[in-house]
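Let's walk through this structure together, starting with its charged pairs and working towards its cores. Keep the sequence and the 3D view side by side as you read.

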Amino acid sequence: VALHTGKEPLFRYEDRIAMAKAEVKAFQPGLKAEIEVVGFDTLLVDLARAQSAQCIVRGLRAVSDFEFEFQMAAMNARLAPEVETVFLMAAERQQFISARFVKEIARLGGDVSSLVSPRVLARLKARFKRQKQRTR
C-alpha cells in the first residue's frame with residue numbers, strides 16, 4: 001500500500017493498510033501461497049528490491065490505463081532492470097470500476113455493494129456517515 005502524498009485518499013494510510021490486510025485474510029485460506037500486505041513510502045522498485053521480488057504485477061482496466069502504466073514500467077525497468085513488470089487485464093465485468101467512481105457513488109448515497117467487498121462497504125458507509133454528521 002503506497003503512501004501517496006500527491007493524491008487525496010479517502011482513508012488514512014494506516015487504515016488502507018488494515019483494509020488491505022483484512023481483504024487478503026478473507027480469501028487467503030484458499031491460497032497455496034501466502035500474501036503479505038506492506039505499506040511503503042519509497043519507489044516501488046525499491047520496495048521490490050527490499051522484498052527480493054523479481055516481478056511487479058500491475059492491473060489494466062482499459063486502454064486509457066496502458067499509456068501511464070507503460071511509461072511507469074519503462075521507468076521502473078530503467079531504475080531496476082532486474083525487476084520485471086507484468087500486466088494483467090481486468091475481467092470485462094470489472095473494467096469500469098475505479099476508486100474514483102466508487103468513492104463518488106458512495107459519497108452521494110449510491111449502492112456500491114456489487115463493486116466492493118462487504119468489509120470495504122461497511123468502511124465506506126461509516127466514513128460517509130461521519131462526513132454527513134460533520135456537515136450538519
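A salt bridge here is a side-chain nitrogen of Lys or Arg within 4 Å of a carboxyl oxygen of Asp or Glu. Before applying that rule, note that this is a predicted model, in which local features need pLDDT of at least 70 and side-chain atom pairs count only at pLDDT 80 or more, while totals for chains, interfaces and linings use all residues. Residues are numbered from 1 along each chain as its sequence is written, and side-chain values use heavy atoms, with hydrogens and water left out.

By the salt-bridge rule the count comes to eight. One of them joins Asp15 to Arg12, with the closest N and O atoms 3.3 Å apart. Arg12, Glu14 and Asp15 are linked in a network of such bridges. To describe how covered these residues are, we call a residue buried under 20% relative accessible area, exposed over 50%, and partly exposed in between (1.4 Å probe, protein chains only). Asp15 has a relative accessible area of 22%, so it is partly exposed, and Arg12, at 52%, is exposed.

Now step back to the whole chain. Its secondary structure comes to five helices and two strands, where helices (H or I, at least four residues) and strands (E, at least two) are DSSP runs numbered from the N terminus. Along the sequence the pattern reads α-α-β-α-β-α-α. The C-alpha atoms fill a box of roughly 55 × 35 × 30 Å along the principal axes, and buried residues make up 24% of the 136 residues.

Which residues of H3 are buried? They are Asp65, Glu69, Ala73 and Asn76, and they pack against helix H2 (44-50), strand E1 (55-60) and strand E2 (84-89).

Glu69 pairs with Arg58, the closest N and O atoms being 2.8 Å apart. This pair links distant parts of the chain, with Glu69 in helix H3 and Arg58 in strand E1, eleven residues apart. Glu69 counts as buried because its relative accessibility is 9%, whereas Arg58, at 23%, is partly exposed. Asp65 meets Arg61 in a salt bridge (3.2 Å, N to O). Asp65 is buried at 16%, and Arg61 is partly exposed at 30%.

Next, look inside. A nonpolar core is a set of buried Ala, Val, Leu, Ile, Met, Phe, Trp, Tyr and Cys residues joined through side-chain atoms within 4.5 Å. The largest such core has ten residues: Leu10, Phe11, Met19, Val102, Ala106, Val112, Val120, Leu121, Leu124 and Phe128. Taking contact as heavy atoms within 4.5 Å, Val112 touches Val102, Ile105, Ala106, Leu121 and Leu124, not counting residues up to four places away in sequence. A second, separate core of five residues includes Val45, Ala48, Ile56 and Ala80.

Across the chain, residues 24 or more positions apart account for 55% of the contacts with a separation of 6 or more.
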